[in-house]
Amino acid sequence: MGGRVLQMRLVLEAADYDDAVAFYRDVLGAPEELFIDSGDGARVTILDVGRATLELSTPEQVDLIDEVEVGRRVSPRMRVAFEVVDTAATTSDMVAAGAVEIAPPTRTPWNSLNARLAAPGNLQITVFEELG
């Protein structure tokens, strides 16, 4: 199904820019697509994170997801989820690189393995692996 949108780009302001780039590029494994240095400290790195979707959820659905993944409500208004090949290994690598594990890899009722982390750039993320 076509449409007028060609790409979704999530823009994350990161005071710890170098750490954030290293985390998402090197630890998560998102290839660098573009880097621009505009001078005077103004820099941007665009990473390829695969296919993007926009997930719109009711507060009740967010409550349910938090209960399944974490056991209690912890989500901010916006959270980013990355599908990965191996949730356990990715979570371990991310924690070793400075992310804080909010909840370990947990099998969900919708047959995925999800982990919740507080990541660089003050961003709460889910990494998930489809099991079925």
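Trainee: Which side chain makes a polar contact with the side chain of Arg116 at 2.6 Å?
Mentor: The side chain of Gln124 does; a polar contact is a pair of N or O atoms within 3.5 Å, where within protein one must be able to donate a hydrogen and the other to accept it, and residues adjacent in sequence count only if both atoms are side-chain atoms. This is a predicted model, in which local features need pLDDT of at least 70 and side-chain atom pairs count only at pLDDT 80 or more, while totals for chains, interfaces and linings use all residues. Residues are numbered from 1 along each chain as its sequence is written, and side-chain values use heavy atoms, leaving out hydrogens and water.

Trainee: Is Arg116 buried or exposed?
Mentor: Arg116 counts as buried because its relative accessibility is 0%; buried means under 20% relative accessible area, exposed over 50% and partly exposed in between (1.4 Å probe, protein chains only). Arg116 belongs to strand E5, residues 112-119; strands (E, at least two residues) and helices (H or I, at least four) are DSSP runs, numbered from the N terminus.

Trainee: Which side chain makes a polar contact with Arg116 at 3.1 Å?
Mentor: That of Ser75. The Ser75 side chain also makes a polar contact with the side chain of Asp66, at 2.6 Å.

Trainee: Where does Ser75 lie?
Mentor: Ser75 is in the loop between helix H2 (59-69) and E3. Ser75 counts as buried because its relative accessibility is 13%.

Trainee: What does Ser75 touch?
Mentor: Leaving aside residues up to four places away in sequence, Ser75 touches Val62, Asp66, Arg116 and Gln124, where contact means heavy atoms within 4.5 Å.
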